[in-house]
Structures are given as C-alpha cells and as structure tokens.
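Visitor: Could you take me through this model, one topic at a time? I will ask as we go.

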Amino acid sequence: MARNPEHRDLFPGALEIMILQSLRLKPMHGYALVKHIKQVSDNLLQVEEGSLYPALQRMLKEGLLEAQTGISAKGRPTRIYRLTAAGIRHLESEVVRFERMFAGFTRVLAAAKA
Amino acid sequence: VSRFSRFFFKNRRCDDISVSIQEHIDKRIDELMKEGASREEAERTARRDFGNVTLLRERSREVWQWQRLESLLVDLKHVCRRLWRSPGFTITVVLTLAIGIGANTAVFSVLNSVLIRPLSYPEPQQLVAMRLNAPARQGWPTSGMNYAYRPRCISPSPRITVASNRWVCGCLGLQASRESHNRSRSTQR
C-alpha cells in the first residue's frame with residue numbers, strides 16, 4: 001500500500017476492500033484502479049503494483065471479480081475488472097466488519113487521549 | 001473440469017496477467033509522454049516504477065497454482081536435468097542405490113525365510129534338534145547335529161528311549177536329517 005516496505009499493507013483486507021469499493025463504482029483496468037485510489041485518497045494512499053496484481057488474481061479466483069477481455073482505443077488488448085454478485089456481498093460484509101473495527105479503534109484512541 | 005481445460009484455463013490466466021501488466025505499463029508510458037517525456041524516457045521510467053515484471057507475473061500466477069505440488073514438480077524436473085547432465089554421478093548414484101536395495105532385499109529374504117516365516121514342513125513347531133550329552137565322548141565331533149520330530153524323541157519305542165539318554169532334545173526347528181544315523185547308534189548301545 002504505502003511505499004515504505006515496513007508498511008506494505010494498512011491491515012489485512014484493506015487493499016481488497018478498496019479494490020472492491022472502487023470497482024463497485026465502475027469496472028476498471030489495473031492502472032485505472034491505482035490512479036483512482038490515489039486520487040480519491042488525495043495521494044495519501046498509493047497502491048503498489050506488486051500488491052495489486054496478485055490481489056486481483058486472488059479475488060478473481062475467489063469469484064469476487066471477473067475479468068473482461070477487450071481492445072483499447074489504441075488497439076491494444078485490455079483486461080477490465082468487474083465486480084460480481086459475490087464480490088458485492090463480500091464487500092458489504094467487509095465494510096460492516098471494518099466499521100466495527102474502526103469504531104473500536106477510535107474508542108481506544110479516545111480513551112488513551114483522555 | 002478435465003485436465004485439458006484446466007491447462008487451457010491456466011494458460012488463459014497467465015495471458016490475462018501478462019496483458020494486465022503490459023496494459024498498466026503502456027498506460028503509464030502514455031501518461032508520461034503526455035507530460036512531455038520522450039518515448040524512451042517514458043518507457044524507462046514506467047518500467048522502473050513498475051518494478052520487477054517477471055517477479056510480479058510469477059506472484060500473480062502463483063495464486064492459480066497448486067503451489068506445493070507445482071514447486072515439487074519443478075524441483076523434480078530440475079533434479080532430472082542435473083542428473084542427465086552428469087551421467088557419471090547418475091550412474092554412481094543409481095548403482096549405489098541398486099546395490100544397497102539389492103543387498104537389503106537379499107538379507108531380508110534370508111532372515112524372513114530362516115527366522116520369521118514358519119518352515120515349509122508339516123507341524124514345524126514339533127521339530128527338535130538333538131545334541132550329544134556324553135562327557136566321556138568330548139572328543140567326538142559335535143558338528144553333526146541330529147534332528148528329529150519331537151514325538152519320536154519321547155516315543156516309548158525302546159530304541160528311541162535309549163537314544164534319549166544319550167541325546168538331549170532341543171527345539172531348533174531345523175530339518176530332521178540324520179534320523180537313520182541316530183537309530184543305528186542307539187541300537188549299537
């Protein structure tokens with residue numbers, strides 16, 4: 001996720017949930033995903049290619065995504081990733097889980113400050 | 001899913017990964033060129049930013065593989081290639097293994113037939129070995145073991161009764177061989 005090798009991922013599942021959420025907006029190819037996450041997070045988050053493509057393949061294997069073959073405007077072959085119904089269900093359950101985790105996290109931080 | 005279609009799907013996945021990676025690099029090159037970089041410079045920067053393409057392709061493919069089995073197969077292939085390239089070593093190893101396995105098999109076969117498996121005679125548990133118990137005849141050859149079936153040793157027959165004074169029965173479970181010789185000795189006494 002971040003460029004610092006000591007912080008490759010924010011927490012387990014963070015990259016997956018950001019990919020799923022981004023693809024829920026619209027189907028995208030890999031590079032567009034990287035750009036989208038970077039742009040939406042105001043450059044706070046940057047997806048590393050080394051993490052993105054294995055994660056996409058994992059999610060394809062789990063049936064959360066599907067890849068569509070196509071041809072770009074310049075006539076080059078493309079792979080567009082699209083969310084499946086299973087992907088949407090997984091995203092929704094993960095969002096609930098993450099919100100609970102963040103709520104707990106925030107409370108712990110607030111208690112530490114007080 | 002048949003083996004063929006699995007193989008086909010696997011190849012298609014590998015193509016997908018390669019296409020995605022190439023697409024990523026191409027888009028980055030286009031973007032850098034739009035920003036004013038030359039084609040060469042853009043390609044160099046895009047590839048440098050992307051990192052190790054081969055490694056990333058491998059890591060992406062691994063998701064679809066039966067990792068342990070496939071790495072085992074790769075190791076086996078590597079071993080076969082190395083062995084093929086050094087025939088002297090291969091022949092030495094194969095001969096060593098063959099001789100080792102052969103010797104083990106031979107020793108086990110002997111032990112199995114002598115110690116483990118019952119003898120191929122009827123009622124082998126009744127076989128006994130006889131040996132001489134005569135202090136006055138110490139000089140006599142003792143290598144001539146005499147064997148008989150136990151019922152004969154304890155037989156009420158006078159000839160064998162005489163023999164049992166001179167010959168002590170011991171269970172060895174070996175072949176009865178010099179029975180007739182025993183009989184002739186016992187009758188001489």
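Guide: Arg24(A) is partly exposed, with a relative accessible area of 39%. Buried stands for under 20% relative accessible area, exposed for over 50%, and partly exposed for the range in between, with a 1.4 Å probe and protein chains only. The model is predicted: local features need pLDDT of at least 70 and side-chain atom pairs count only at pLDDT 80 or more, while totals for chains, interfaces and linings use all residues. Residues are numbered from 1 along each chain as its sequence is written, chains are lettered from A and ligands numbered from 1 in the order in which they are written, and side-chain values use heavy atoms, with hydrogens and water left out.

Visitor: Where is Arg24(A) placed, and which residues is it in contact with, leaving aside neighbours within four places in sequence?

Guide: Arg24(A) is in helix H1 of chain A; helices (H or I, at least four residues) and strands (E, at least two) are DSSP runs, numbered from the N terminus. Leaving aside neighbours within four places in sequence, Arg24(A) is in contact with Leu83(A), Ile88(A), Leu91(A) and Glu92(A), where contact means heavy atoms within 4.5 Å. Arg24(A) and Arg82(A) are 58 residues apart in sequence, and their C-alpha atoms are 7.8 Å apart in space.

Visitor: What pattern does chain A follow along the sequence?

Guide: The pattern of chain A is α-α-α-β-β-α, with four helices and two strands. Of its 114 residues, 39% count as buried. Among contacts in chain A between residues at least 6 apart in sequence, 51% join residues at least 24 apart.

Visitor: Now the nonpolar core. How many residues does the largest one have?

Guide: The largest nonpolar core has 33 residues, and those with the most contacts inside it include Ile19(A), Leu23(A) and Ile21(B). Such a core is a set of buried Ala, Val, Leu, Ile, Met, Phe, Trp, Tyr and Cys residues joined through side-chain atoms within 4.5 Å. Among the elements that each supply at least two residues of this core are helix H1 (14-25) and strand S2 (77-83) of chain A, and helix H1 (3-34) of chain B.

Visitor: And what does Leu23(A) touch?

Guide: Not counting residues up to four places away in sequence, Leu23(A) touches Met28(A), Leu33(A), Leu65(A), Tyr81(A) and Leu83(A).

Visitor: Changing topic, how many aromatic pairs does the structure hold?

Guide: Over all chains, the structure holds two aromatic pairs. Rings of Phe, Tyr and Trp (its six-membered ring) pair if their centres lie within 6.5 Å; planes under 30 degrees apart count as stacked, over 60 as edge-to-face and the rest as tilted. The rings of Tyr53(A) and Phe50(B) have their centres 6.2 Å apart and their planes at 40 degrees, so this pair is tilted. The pair crosses between chains, from helix H3 of chain A to helix H2 of chain B. Tyr53(A) is buried at 1% relative accessibility, and Phe50(B) is buried at 7%.

Visitor: What about Phe98(A) and Phe102(A)?

Guide: Phe98(A) and Phe102(A) form an edge-to-face pair, 6.2 Å centre to centre with 85 degrees between the planes. Both lie in helix H4 of chain A, four residues apart. Phe98(A) is buried at 5%, whereas Phe102(A) is partly exposed at 38% relative accessibility.

Visitor: Where is confidence lowest in chain B?

Guide: Helix H7 (residues 158-166) of chain B is lowest, at a mean pLDDT of 39, and helix H5 (residues 87-116) of chain B is highest, at 94; pLDDT is the predictor's confidence in each residue, from 0 to 100.
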